[in-house]
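Biologist: I am new to this structure, and I would like to learn how its pockets and its surface can be read.

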Amino acid sequence: MRWEFELLYFFQSLHVPWLDRLMVFVTSLANHGEVWLALAAVCLCFSKTRRLGIAMFLSIALGYITGNLLLKNLIARSRPCWLEPRIPLLISVPRDYSFPSGHTLVSFEGAVSVWLYDRRWGRAATVLAVLIACSRLYLFVHFPTDIAAGMLLGTASAYISWKLVTRAGEKMPGLKHMK
């Protein structure tokens with residue numbers, strides 16, 4: 001855990017007012033998965049992207065159940081801001097456990113889903129997901145391994161969901177013609 005705190009302290013050394021505001025804004029995009037849920041909802045509105053919207057919603061639901069409901073409570077890892085309360089926070093102290101990072105989890109579910117649909121848009125979504133993940137370190141609310149677990153679980157959730165939706169699309173006439 002020592003190396004994790006060392007990395008978190010490095011992020012603390014980067015604080016400047018404009019970056020503080022940016023990181024608070026970036027992290028807020030995924031406070032409850034808003035940006036990714038909104039994108040999935042928009043995708044559902046168009047037949048060309050409906051399969052992507054379904055895959056994103058499925059992935060987000062799968063990740064919420066496995067990450068936020070099961071793993072967080074099963075592992076019950078304290079957050080760095082709970083263990084080192086002398087570090088001033090720019091956001092409210094989170095009340096739930098740290099492992100895995102829910103912000104990172106939902107962001108990688110969304111970004112990888114988009115990547116699997118369209119690599120060009122997937123690159124932009126991945127940049128946003130990485131920024132959100134880094135914001136959690138910058139804001140001192142997650143350990144690096146929480147972020148890594150969120151990335152891995154989010155990627156796996158997106159891939160599994162994409163495969164399920166693709167297979168369903170092959171068997172269901174209503175989904176067959178959607179990309």
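Modeller: The largest pocket is lined by 27 residues, among which Ala30, Asn31, His32, Asn68 and His103 lie nearest its centre. This is a predicted model, in which local features need pLDDT of at least 70 and side-chain atom pairs count only at pLDDT 80 or more, while totals for chains, interfaces and linings use all residues. Residues are numbered from 1 along each chain as its sequence is written, and side-chain values use heavy atoms, with hydrogens and water left out.

Biologist: How is a pocket found, and what volume does the largest pocket have?

Modeller: Rolling a probe the size of a water molecule over the atoms shows where empty space is left. On a 1 Å grid over the protein atoms alone, a pocket is an open set of points where a 1.4 Å probe fits, with protein on both sides within 12 Å along at least five of seven lines, and lining residues have an atom within 4 Å of a point. The largest pocket has a volume of about 510 Å³, a volume being the space filled by probe spheres set on the points, which are joined across faces, edges and corners.

Biologist: Which residues lie nearest the centre of the second largest pocket?

Modeller: They are Leu39, Leu52, Val114, Tyr117 and Trp121, from a lining of 15 residues, and the volume of this second largest pocket is about 300 Å³.

Biologist: Is Leu62 buried, partly exposed or exposed?

Modeller: Buried means under 20% relative accessible area, exposed over 50%, and partly exposed in between (1.4 Å probe, protein chains only). Leu62 counts as partly exposed because its relative accessibility is 31%.
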